[in-house]
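Please examine the sequence and the model displayed below. The explanation that follows leads through selected elements in turn.

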Amino acid sequence: MAKIQNISEIHPTLGFPEFDILEKYRKSFHASELGSLHSVFPFESIAKETGLSQSRLGRRNCFSPSAKIALMVLKSYTGFSDRLLVEHLNGNIHYQLFCGIMIDPSCPITNYKIISAVRNEIASRLDIDSLQKILASHWKPYLENLHVCMTDATCYESHMRFPTDMKLLWESVEWLYRHVCIHCGQLGIRRPRNKYADVAVSYLSYCKKRKRKASRTRMLKHRMIRLLEKLIIQRDDIHREHGSSLTYTQDYQKRLSIIRKVLVQEKELFEGRKVSDRIVSIDRHYVRPIVRGKETKSVEFGAKANNIQIDGISFIEHISFKAFNEGIRLKDCIRMHQKLMNVRVRCVAADSIYANNANRKFCTKYGISTSFVRKGRAAKDEAVRKALRSELSRERATRLEGSFGTQKQHYSLSKIKARNRKTEILWIFFGIHTANAILMIDKIKNGQKKAA
């Protein structure tokens, strides 16, 4: 078992300051970027708002509530896997100071799944609106141009294979056949007959071909649909006769219900009908195809987030794994901006998808200048308005869209490897606000220089 001690509980035992190695490590930590990152994040306030507490009964937690939040920030900052993060945490004194702990080198942490346990605990308590309010109030004194709101949407993709009907059907068939064999082995009965072996050979041959004819694809898809339907019938027959002798886990029942839904959808698609709320992955059944219309990839699979940005600092206005039209959310973005900053919005920079008539009328009514291309006749001060629109568009294109690339390239948001919906949203939340905190380091330093 790892021997972990909170930094606050450690007292110097030597009377000579030159031997106080820990104090030297503290000074080097505060001088580093990691120490600056720790100073701009309100860990205690976030832990309190999340509802994390140090339990007095039972086994003592390895990490304090604020250390758990710090651990999630550290993961986004480093981009390490859970196993690699634990290894670095054991050997890097700055990482331990960041989390407020001290690990005995002779008894390091060996259970790397502790990172996943902390992530699941925080994800079950995550309230994005309340936590973003804490961060906004903490950073507000160092922000400028609070009256300018920029907004845009992006997709934070999930780490999953590109979905096709054939892959989805085969994964369903393979999982169901394996569990039918397991049930028969447990009960000591003969396996029911089916065409699984023949379809497996045909699917392997199909996968090896570089060019696949549409007729061959359709024929194999029809065979897999029939096989999946038969396997479900055979599994239900086994359950009907021997259900009392079998035990099913919650994950088993959940996946079985997803496979049943996949079968219904694939049959409808095979018949040429449109399917709404389409499943593209059995593991991540909550992910839906999001059509973005980009040149490199027309469809993305992950969480779509509509973000607002205030002086380069991004906040999540709305996030969903289903496609939504961000153009109708401009009013919500403005209200959220005013709620976070307690300042009336005067200027809005947004993409052309937000420039519908309802949003234009709303902005005109409340005297908000926008980056939208003007409709109708030119005003008397058209030159001034055109210059303002141009400046707003340039700032949005460079700062807001640039922040999306920074988050995805440097803060583990390119392909999110979380395993369920809640932890994936948590991953996105900490990735965005860790990127914000790095920007806040320079803003706070500049603010302190001006004050001095």
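Ser412 is partly exposed, with a relative accessible area of 21%; here buried means under 20% relative accessible area, exposed over 50%, and partly exposed in between, computed with a 1.4 Å probe on protein chains only. The model is predicted, so that local features need a pLDDT of at least 70 and side-chain atom pairs count only at pLDDT 80 or more, while totals for chains, interfaces and linings use all residues. Residues are numbered from 1 along each chain as its sequence is written, and side-chain values use heavy atoms, with hydrogens and water left out.

Ser412 is found in the loop between helix H15 (382–410) and helix H16 (421–451). Helices (H or I, at least four residues) and strands (E, at least two) are DSSP runs, numbered from the N terminus. The phi of Ser412 is near 60 degrees, a positive value in a residue other than glycine. Most residues other than glycine have a negative phi. Asp311 also has a positive phi, near 55 degrees. This residue, Asp311, lies in the loop between S5 and strand S6 (313–320), and Asp311 is buried, with a relative accessible area of 10%.

Strand S5 leads on to strand S3. Eight bridges join S3 to S5 (residues 299–310), and the two run antiparallel; strands pair if DSSP finds at least two bridges between them. Within this pairing, Cys155 stands opposite Lys304 in S5. S3 is also joined by four bridges to strand S7 (residues 347–350), in a parallel arrangement, where Cys149 stands opposite Val348.

How many residues of S3 (residues 148–157) are buried? The count is 10 of its 10 residues. In a regular strand the side chains alternate between the two faces of the sheet. In S3 both faces are covered: Val148, Met150, Asp152, Thr154 and Tyr156 are buried on one side, and Cys149, Thr151, Ala153, Cys155 and Glu157 are buried on the other.

Helix H12 (residues 250–270) has 21 residues, which at 1.5 Å a residue should span 30 Å, and its end C-alpha atoms are 30 Å apart, in agreement. The expected span is 1.5 Å times one less than the number of residues in the helix. The buried residues of H12 include Tyr252, Leu256, Ile259, Leu263 and Phe270. An α-helix has 3.6 residues a turn, so residues three or four places apart point the same way. The buried residues of H12 pack against helix H9 (165–187) and helix H11 (214–242), contact meaning heavy atoms within 4.5 Å. Just after H12, Gly272 takes a positive phi of about 90 degrees.
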